[in-house]
Structure formats: C-alpha cells, structure tokens
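I am opening a notebook on a structure that is new to me, and I mean to write down what I look up as I go.

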Amino acid sequence: MQDVLHSAGVQAGHILDLWRLMLGVCAVVFAAVLLAFLWAVLRAPRAGRDTSPDLSALQHNEPRLLRRVAWATALSTLLLFGLVGASVWTDRALAQLPLHGALHVRVTAHQWWWDLQYDDAEPSRIFTTANELHVPVGRPVILTLLSDDVIHSFWVPSLAGKKDLIPGRTAQLQFRADRAGTYRGQCAEFCGAQHARMAFRVIAEEPAAYEAWAARQRQPAAPPADALRQRGQQLFLAGTCVMCHNVGGTDATGRRAPDLTHLGSRQTLAAGTLPNAPEPLAAWIRDPQSHKPGTNMPGHDYSPEDMQALVAWLRGLE
Amino acid sequence: MSGPAELPPTALQAAFDRASADLAFPAPDDRPPVLNDVPPSAEQESLLDRSWRDPPGLLGALSAINHKTIGRRFVLTALGFFIAGGLLAALMRLQLARPDSQLVGPDLYNQLFTMHGTTMMFLFAVPVMQAMAVLLVPLMIGARSIAFPRMNAYAYWVYLFGGLMLYGAFLLNIGPDTGWFAYVPLSGPEHSPGKRVDFWAQMITFTELSALLEAVILITTVFKLRAPGMTLNRMPLYVWAMLVTSFMVMFAMPAVMFASTALITDRLVGTHFYNPREGGDALLWQHLFWFFGHPEVYLIFIPGLGFLSAVIATFARRPVFGYPAMVLSLIATAFLAFGLWVHHMFATPLPELGKSFFTAMSMLIAVPTAVQIFCWIATLATGRLHWKTPLLFVLAFFAVLLLGGLSGLMLASVPLDLQVHDSYFVVAHLHYVLIGGAVFPLIGAVIYWYPKFTGRLMSERLGRWSFWLAFVGFNLAFFPMHHLGLHGMPRRVYTYPAESGWQALNLLATGGALVLAAGMALFFINLWRSRRHGEPAGADPWGGGTLEWATASPPNAGNFCAVPVVHGREPLWQAATEPVAVAGLAVDRREVLVSTTLEAHPDHRLSFPVPTPWPFAGALATAALFIGSIFTPWAVVWGMVPVAIALTLWFWPRRRKTAEDLALETAP
C-alpha cells in the first residue's frame, strides 16, 4: 500500500488530518468564489461591440463594490491565517513524536537501491540489509538519511512525509508504524535513469515477529545444504559478483551493491523491479539491463545448469 | 562642432556602408525634415510608414528592428516551441498510459520530460510574455517604437539561437536528461558525463541574456516613451503588469545565470561550487535555482493577469474596478514572490522553524491575487458582457487558476508538502497554475489582439470549439493527477508497476491530454487560416478603450503618425479633449517623443536607429561563443573577437545618419 489517504502511522495520520481540514476549507472557498463568478457572469446583461462603455467608475467611487471586495479580502486573509496556524500546529505535532526506545536505522541511498544498516549499541548486533525495511509496530523509528551519489528522497506515503537524502548532509526522519502491514515506498527525487525503479518496502510487524526477523538477519549466511547449492556458492565466489556484493560469512565482502546475506527472505529483487522467485532471479542475473536499463549490474552468461545452481544458492540465503 | 560626422572614413565604415547603410533609405542627407500635422495628411502617413518600415529582401529580414516585426517573430517562435513542448508531453502521456509500457525507454523519457519542462519554462512561457509585450506595449502607450530597437532584435536572435541549439542537441540524442531544474550532483560532472547538461546550462545563458535585455527594453519603453499625458496612474493595467514583470526579471534572472554558469565551470574547468567533497554544497544550487524559479512562476503569471484586465475591461464594457488595488496587488505579488523559494525545498534538512516563515509567505501571496480576482468579479458583475472567444478563454482563469491557487496553499504547508512534494499532485498543481494563469489568458489575448496585427478576426466558431475541447481536455488530463499524487505516484518516473493501481487514472489523464491537444491544434489551425480567410476587422473590432485600437489594423510601421495626447485611463472611451495629438514630429525619419517618467510630460525628441544586420551578426557571434564554450573554455577568449567586431560595427556612427540627426536638431 502506498497511499497518503490511508495512514498506518501516527505521522501520516497527523498530515492526513491537516489534509482533510485544508481540503474542506479550500473546497468551500473554491465553491464560493466560483459561485460568485458565475453569479456575476450570469446576471450581467449582454452587450455588443458598439455598446457604449460605462465610464461612471472613472468619475466617482463605487462604495458598494468596494465594501464587498474589502470584506471578501478580509475573510480570505483570515482564512489564510487559520491555515497557517493549522499547518504550524501539525508541524508541532509531528515534532513531538515520543522517541523513547527508538529503533535506529541508517539509510544510504544509491543509484538505484537502498542500503539499510540497523544500528545497535552493541557492534556485533549491527546488521545490514537492502530495499526492505522491517520495523516493529508501535515502536518509533529514527532513520538517519545519507546519500552515496546524487539526491534521493525517502517516501512511504502511508507512514510519513518524505525527506531528501543529500550527499554531504545528514537528515533524519522519524515515524512510527501503528498497524502491521507492508507499505510500499519509492524514491521521490529524480535521481537519474532508473528513478522510476527505486522502490522499497516497509514491513511493519508485531514486535516478536520483528525480533525474530532481526535475529535471523544478524546471522551469517547459512552454509550450502546440498551439492547444487555448493556449486552455486562456488560460482558466486569465483565470479565477479564478489566485487560488489556482500554475503555475510563468506569471502564476498563488496559494498557497492545490495547486501545479499539474506536475499532469499526478501519479497522483491532490484529495488522492487521484479518479484523474488527463481525465474525472475535468473532472468535478472542473465540480463539486468533489459529489466532495469542503466543499472550498474552487468549481465552474466551462465550455462543453464550453472544458473540453476547459483539461483538455488541465492534463494537459499534466507 | 565636431561630431561623429567629421570622423575620417575608414575601410571598415566603407564596408559597413556597402553592407547595410544603403539598405533602407534613399539618402535624405541634411534636408529639413517633414513634420506631421494634426490630423496627419495621407502623404505624411505614407512617409511615416516608409521611414519606419523594415527593408525588403533576405538581408532586410535579418536587419529588421521594427518592434512589430520582431514581436511577431518572437511570438511565433515561442508558439512554435510551445507546440514542440506539447508534442513531447503527448509522447510522455502515451508512455504513461499503461503500466510497464515499453513505448519509450528511460533514457528517452528522461530527455522528454527535461525538454518539456525546459521548453515550456525557458523557451515558451517567459519569452512569449515578453514577446507579446514587445508587440503590444509601444502601441498601448502611444509610442512609435520600442526603446533600443536594435537590442530588441539582438535579444530575439539570441533567444532563437539558444532554442535551436537545445533542439539540435535533442535531435542528435544529446538532449539534457536531468530535469528542467537540473539538480546537482546529478547534473554535475561525475553523474552526468558527456555534453547533455552543458547544452541545458548554456541554453539558460542564451534565454536569460535575452530575457534580461527584454526587461531593460520594456522598462525603458514604459518609463520614457509613453504618450504625453499618460501619467503612471493612467497606464493600462496590462502595461503595469509588464512593467512589474520586467523588474522581476531583472532581479530573478541573475540568480539562475550565476547558478548555471557555476554549473558549467564545475563541469568544464573543475571548480567545485556544488561538490560537497571539496567544500561545495549541493543545496546551494537549489537556493539559487529557486530564488529564480519561484519568481519565474509569477513572471509568467503576472502578464496573464494583465491580459485578463485588458480583455475583461473591453468585453465587460467598463474599466476594471479598483485600479489602484489592482496595481498595488501586482507590485505586492512581485515583492512577495521573492520570499517563498524555500517552499520548493521543504523536504531538505533545513531548519524547521525557518520553513514556517516560507509557509506564511507562500500563503500570504494568495492575498493580492484574491484581491484581483474579487475586483474582476466586481467588474463582470457590474458590466455588460460582450460574449466573444477572447473573454471565454480568459474567464477559464477563474475555474482553473483558482483551483491551482488553492492546491498551492496546500503545498505551502510544510507537513502537507512533505507528503505531496515531488508527486503527481504537484504536476497537477503547476499545470493548473500555469495553464490556467498563463496559457488560457494568453490564447484569449492572442485572439483579442490578432486583428490588430493581421487586419482580420479569428473565427469565432473554431474559437469556441477549441476553447471547450481545451478546457474539458485540460481538466480530464490534470485533475486525476491530484489523486495519483495522493496515491503515492512520484513525478518524473518513466513507468510504474501494474500493482500500483495507478493505471486507470493515468489512462484517463492520457485521454484528456489528447483532447487538450486537439483543442490546441484547432486554435493553431484557426490562427493559420484566419490570416487570409478571417473576417476583416477594421481598426477597432471590439470597441476597446486603450490606444492600440486608435491606429489602423495592421498599424502603420511607425504606429502613430500623430502621437496621441492622453487625458484619462480609457483614452478611446473618454470624450476627446484638446489637444488630441502631438504635431511637429518628423515623419520622414525615425523621430520619437521622449516623456518624463512619472507625469509623461513631453521631454525631448530623440532620433532612433535605422535597421542594420549587425544585431543579427552579433547574436550569431554570441551564439558561437556560447556553444563553443561548451566544448572548450578557450572559446570564451577567441569567441570574444567576432562579438567585439559585430558590436563595434553595430554602434559605428554613420555619416548619413549623423547628418540627418543634425538636421533634425536644427529644424524649427
């Protein structure tokens, strides 16, 4: 779900309230002005080219019109002050989100994927994943937003407003998911060729489920269970994949591309481009450029058997 | 005394004389000038027409400096870019009609939306408003010419060459692809190698140079060339709007020129204005760009307000209610427009408290616009309506701009903006503002003033069809985008997944866009057909109250043989008062009357320059310098030489002209 009008968190909820207020006020103003306009146009008598112009306005004032215009202006100004007040009030509410016991995640945007590092006071509990942000329901989340290349913007409409990730600057975004569910988010600042395919998911789950997930994420990749997967791992480690990708517990320690330690547990591939299933995964490895033209990943021409092994191993990284 | 006339002839001058000086006129030498009477005789009229007419032939066309010639070319060129930008938009809409569409790839799509935005903002909206002013302002203030006519020609050529360069690059598949806003570091040397962004940045240099020159020209025209008696508070509201716009241009454009020049030097010679790793700042670009970019919206929109005031007054058969309030609102809008650029940057990590100031400013700017809307409604309510297509088009403003303005209030609020910023909601908002506030009024204005320059009326029937198609199509195309934005669709995406649930509204928007395109096509067909087949118009087909309707359609090359004397705000509606016109200005050479800034008292007579190809050559040399500097910084050095030569020849004093001017000075 990716919708401003269906909030699943307190921050988006505050903004949704403001939206309803503004929509109401603006709709009334729109209707009033349009009706006044239609009334004016319909009541005015018709004329032709040769109708002699009415110049009385040049000789004397029109106090009745003046009074009406002045009242309308005063009323508009008053309404505007009201809207400024409502806006500042909402701002205040957003800033007052209680942050006690917050989960800290460091989000680094890359062209065109998201690197997510879950911080912890204890260094051994820090872990990294990509493109899928799991958060516990009811617990505030503080995102530290960084960019590795160009400006991106982190936006999950159902949970909170957006925030830009700007190289050379650090930004913060705070939110809380109050309903369990999967919320789609997407980069909102144009960031180059694949801006359209730089999506991510926020998966809000009950605290126990979240803790279980986090505990799994902290583990290194499971050793391959069978010969096929062993072959897959060998292919991976012997190829160019390790230049960019990291798989915890193996010799693959690249940091230029998404961490694959638990790739099998994710719902999508390539920042929301493809569903995470064997066939799309093989297609992606073979020819990423046809699915996401411009992506930094090169294609790999494995034989069908090798591809099967590689996919089996990657899918097994849960 | 020794004037320029005594300068020894040089080879250069001889060359110049061959090239241009004999182009226009048989030599009048130092004969005493022929002065106009009131009313002017037919012979005086034709003398005046001859002395202000642009020379014939190809070289003559390149030498043209008459404001009506340049203005017409300017408007038509801008409308040409409007069509091009519209076609790009249609392609984008076709791509977005279906999810995961393969019609256009990301590389082309990113060029398309960059070119569309760049074209509409830099090559259409701002230039077309200045172009209309080049055509109209001298006529509306009773002047024989625009100020600095050669500079005016130069500004047009520079603009044309900049636009052609951009489209040349696009057709060669090296069109810019980082958005019309070209945010760094995406547009910087590291993330956009190649020349694409350089063409974009250099296009800024071209168009902003042109816009700044036009601003200087228009301000000077309005301040110094008004007919005697047209005090500032008798100026037509449209002229006020253009005066205010021109001042805004002077303050807004330098920011973007600096920004784009710094971008070029970052890309070309390794400066680090925008590189955070070397102490530069990526946000600096956004501040500079939006310090220009937000006022730009208003300098597109304020001329539209001027069109409204002109058209409503004529077709409601009364002066616009609340002249002082209207003028003050224009000025207030211009000032406030410079205080709200940060509302484009609410999602950046700037101090939150500071953002509130920009919320308040962004909401406050609605007040002067509201005042004007109320004044127009008062005018319509108390007028008698002559129901013609120009009125229809400008009245679309009330529904369309009003909605755009109200969604603007939502964007002004920081929290709400954080949700809808950079989403399709903003796409809807900005099109409601710009099409409702500028394009519909512009089309109304074109239909309104068309007979003045062609002598023929545009077809009413086609006009009504084009209006309703455009109006309905526009709303079908852009209203659903509000919803798309609220449903989370970001801007500038070349495609979207089927699971998003955005396809129905996108398909509707594409359908609406096609209807809108049909309406626009009808308008252009009407424009083209009517120039031969339209109903003959006569001098004043609408019964207007401002000075341009006092002269023939199309006007004499010198506009007014006897410069009118103005006694009120609606000179053609008010009873004629003596004196009605100025006698004693030369008609066999280019003489204009210069008046004082506030009261428009006649101040002195001034001899205006004659046509010459050197502004064209100067613009060509300038274009060579600008385009060359995309490829090597040394182009700035060697490119200066031809520019200097062209400008020197442009200003080279000519014996014949000097003799003429001296004769004028010694005349009775």
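Before counting anything between chains, I note the cut-off I rely on: two residues are in contact if their C-beta atoms, placed from the backbone, lie within 7 Å. I also note that this is a predicted model, and I read every entry below with that in mind.

**Entry: where the chains meet**

I looked up the contact between the two chains and found that it takes 79 residues from chain B and 75 residues from chain A. On the side of chain B that touches chain A, the elements giving two or more residues are α5 (106-140), α9 (282-315), α11 (352-364), α12 (366-382), α13 (389-412) and α14 (414-420) of chain B. Which of these gives the largest share of that side of chain B? I find that it is α12(B), with 12 residues. Sorting the side of chain B that touches chain A by class, I get 46 nonpolar, 23 polar and 10 charged residues.

**Entry: chain A as a whole**

I then turned to chain A, where I list 8 helices and 12 strands. Taken along the principal axes, the C-alpha atoms of chain A fill a box of roughly 100 × 50 × 35 Å. I set the radius of gyration of chain A, 28 Å, beside the value near 20 Å that a compact globule of 318 residues would have. When I take the contacts in chain A between residues at least 6 apart in sequence, 66% of them join residues at least 24 apart.

**Entry: the two domains of chain A**

I see chain A divided into domain 1 (1-38 + 85-207) and domain 2 (227-315). The C-alpha centres of these two domains of chain A lie 29 Å apart, and their contact takes 15 residues from domain 1 and 13 residues from domain 2. On the side of domain 1 of chain A that touches domain 2, I note β2 (113-118), β3 (127-130) and β10 (199-205) of chain A, each supplying at least two residues. The residues on that side of domain 1 divide into 8 nonpolar, 4 polar and 3 charged.

**Entry: a sheet in chain A**

I followed an open sheet of 5 strands in chain A, which runs in the order β3-β2-β1-β5-β8 with mixed pairing. Its edge strands are β3 and β8 (171-176) of chain A, each of which pairs on one side only, and the twist averages 25° from one strand to the next.

Within this sheet I looked at two pairings. Strand β1 (residues 103-110) of chain A pairs with β5(A) in the parallel sense over 7 bridges, and there I find A:A109 with A:S147 as its bridge partner in β5(A). Strand β5 (residues 140-147) of chain A pairs with β8(A) in the antiparallel sense over 6 bridges. In β8(A), I find A:L173 as the bridge partner of A:L143, while A:I142 stands opposite A:Q174.

**Entry: one residue in chain B**

Last, I picked out B:V515, whose place is in helix α17 (residues 503-533) of chain B. Why do I call B:V515 partly exposed? I do so because B:V515 has 19 other C-beta atoms within 10 Å, whereas a residue counts as buried if 20 or more lie within that distance. Leaving aside neighbours within four places in sequence, I find B:V515 in contact with B:L469, B:V472, B:G473 and B:L476. I also noted B:A477, which is 38 residues from B:V515 in sequence and 8.5 Å from B:V515 in space, C-alpha to C-alpha.

Note on methods:
Residues numbered from 1 in each chain as written. Chains lettered and ligands numbered in written order. Predicted model: local features only at pLDDT ≥ 70, side-chain atom pairs only at ≥ 80, totals over all residues. Helix = DSSP H or I, 4+ residues; strand = E, 2+ residues; numbered from the N terminus. Nonpolar A, V, L, I, M, F, W, Y, C, P; charged D, E, K, R; others polar. Domains from an automatic or database assignment. Pairing = 2+ DSSP bridges. Axes fitted to C-alpha atoms, helices over the stretch in contact; angles between N-to-C directions. Rg over C-alpha atoms; globule rule 2.2 N^0.38 Å. Buried ≥ 20, exposed ≤ 12 C-beta atoms within 10 Å, placed from the backbone.
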